[in-house]
Every structure is written in structure tokens, then in C-alpha cells.
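Colleague: Could you walk me through this model? I would like to go from the overall fold down to single residues.

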Amino acid sequence: VRCWARAQVYIRALGRGAMAHPWEGTGPAFVAPGDAELEAWIARSSERDLPPGPQERLHHAVHYGQLREVLAWLRRGAPLLGVEYQLGHEGEHGTVLDLAMYFHRPEVAIELLQLAERTGQVDELV
């Protein structure tokens, strides 16, 4: 509950309700996950020096990647729940939602909350 309240305050502070989606009007148009370009990028990324498993790659995507990459790793089996991620250097741990908030990724946090709500897992995520 505490994280959910933090997420709402943070998201309101950034967006002030002016945009339906944080990515609207900024940069290229949003491309839905599952497109051929993204799948090709993921195939190429396997050859690069990235963390080995889906959980580690989801962590990397939340920190550095685009929203569509985060969604792609969730589709490919990265766990939404039941995994603790390290937050910073002080030994704190949290969910993937906490990770998105830690790295100041409100667009990822919103999408994770919506995904958890659609699957009936929002209570476990927050």
C-alpha cells in the first residue's frame, strides 16, 4: 500500500494529469510490443553481453530500456511477482514496481500497475 501511494503521488507530480500516457508527444510514436523490429532487437541482444536470465534482463530493461522492452521480457517469462530486486547500494529490496519507481520510470510503473490490475495481481505487486 505504501508503494502504491508513492507511485500515485510521483505520477501525479510528473504528469499533473495533463497527458493520458506519459509517452504521448515525446519522441517517436509508441510501438506495441510484439512487433518484428522489437523481436529482432531481442534476438540480437542475446548475442551482446547482457545479464543471462529473464529476471536479470527485466531488471536491465527497467533501468535502461524502453517500455516495449520491459513488456517484451514480461511476455518472454520474466516474473512480475515473487521476485525481489535489489534497490541501490543500501541493501534494500523490492518488487519490479519498486524498481521502476527507484529508477524514476513512471511510464513503466503505470504499465506494470495496469498489467497487474488486468491479471488480478495488483495487491501482490504493491
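This is a predicted model: local features need pLDDT of at least 70, side-chain atom pairs count only at pLDDT 80 or more; totals for chains, interfaces and linings use all residues.

Modeller: Residues are numbered from 1 along each chain as its sequence is written, and side-chain values use heavy atoms, with hydrogens and water left out.

Colleague: What percentage of the residues in the protein is buried?

Modeller: Buried means under 20% relative accessible area, exposed over 50%, and partly exposed in between (1.4 Å probe, protein chains only). The protein has 126 residues, and the buried share of them is 37%.

Colleague: What share of the accessible surface belongs to carbon and sulfur atoms?

Modeller: Accessible areas come from the Shrake-Rupley method with a 1.4 Å probe, and for residues only the protein chains shown count as cover. The accessible surface of the protein comes to about 7700 Å², and the part belonging to carbon and sulfur atoms is 54%.

Colleague: Among contacts between residues at least 6 apart in sequence, what percentage joins residues at least 24 apart?

Modeller: Contact here means heavy atoms within 4.5 Å. Among the protein's contacts between residues at least 6 apart in sequence, the share joining residues at least 24 apart is 59%.

Colleague: Are H3 and H4 roughly parallel or roughly antiparallel to each other?

Modeller: Axes are lines fitted to C-alpha atoms, for helices over the stretch in contact, and angles run from 0 to 180 degrees between N-to-C directions. Helix H3 (residues 54-64) and helix H4 (residues 67-75) pack at about 165 degrees, with their axes 8 Å apart. Angles under 35 degrees count as roughly parallel, over 145 as roughly antiparallel, 65 to 115 as roughly perpendicular and the rest as oblique. H3 and H4 are therefore roughly antiparallel.

Colleague: How many residues of the contact of H3 with H4 are nonpolar?

Modeller: On the H3 side are Arg 57, Leu 58, Ala 61 and Val 62, which meet Glu 69, Val 70, Trp 73 and Leu 74 in H4. Two residues of this contact are charged, none is polar, and the number of nonpolar ones is six. For the classes, Ala, Val, Leu, Ile, Met, Phe, Trp, Tyr, Cys and Pro count as nonpolar, Asp, Glu, Lys and Arg as charged, and the others, Gly among them, as polar. In short, the nonpolar count is six.

Colleague: How many of the residues of H4 are buried?

Modeller: The buried residues of H4 are Leu 67, Arg 68, Glu 69, Val 70, Leu 71, Ala 72, Trp 73 and Leu 74. H4 is thus mostly covered, and of its nine residues the buried ones number eight.

Colleague: Is the crossing of H4 and H6 left-handed or right-handed?

Modeller: H4 and helix H6 (residues 106-118) pack at an angle of about 35 degrees, with their axes 10 Å apart. Leu 67, Val 70, Leu 71 and Leu 74 in H4 meet Glu 107, Val 108, Glu 111, Leu 112 and Leu 115 in H6. A crossing is left-handed if the near helix is turned anticlockwise from the far one by less than a right angle, and right-handed if clockwise. The crossing of H4 and H6 is right-handed.

Colleague: Which residues does Leu 115 contact, leaving aside its neighbours within four places in sequence?

Modeller: Leu 115 lies in helix H6 and counts as partly exposed because its relative accessibility is 21%. Its C-alpha is 9.5 Å from that of Leu 71, 44 residues apart in sequence. Leaving aside neighbours within four places, Leu 115 is in contact with Leu 74 and Leu 80.

Colleague: Why does Gly 65 count as buried?

Modeller: Gly 65 is found in the loop between H3 and H4. Beyond neighbours within four places in sequence, Gly 65 is in contact with His 60 and Arg 105. Gly 65 counts as buried because its relative accessible area is 12%.

Colleague: Which residues does Thr 95 touch, not counting those up to four places away in sequence?

Modeller: Thr 95 sits in the loop between strand E2 (92-94) and helix H5 (96-102). Thr 95 is buried, because its relative accessible area is 14%. With residues up to four places away set aside, Thr 95 touches Val 83, Tyr 85 and Leu 125.

How values were computed
Helices (H or I, at least four residues) and strands (E, at least two) are DSSP runs, numbered from the N terminus.
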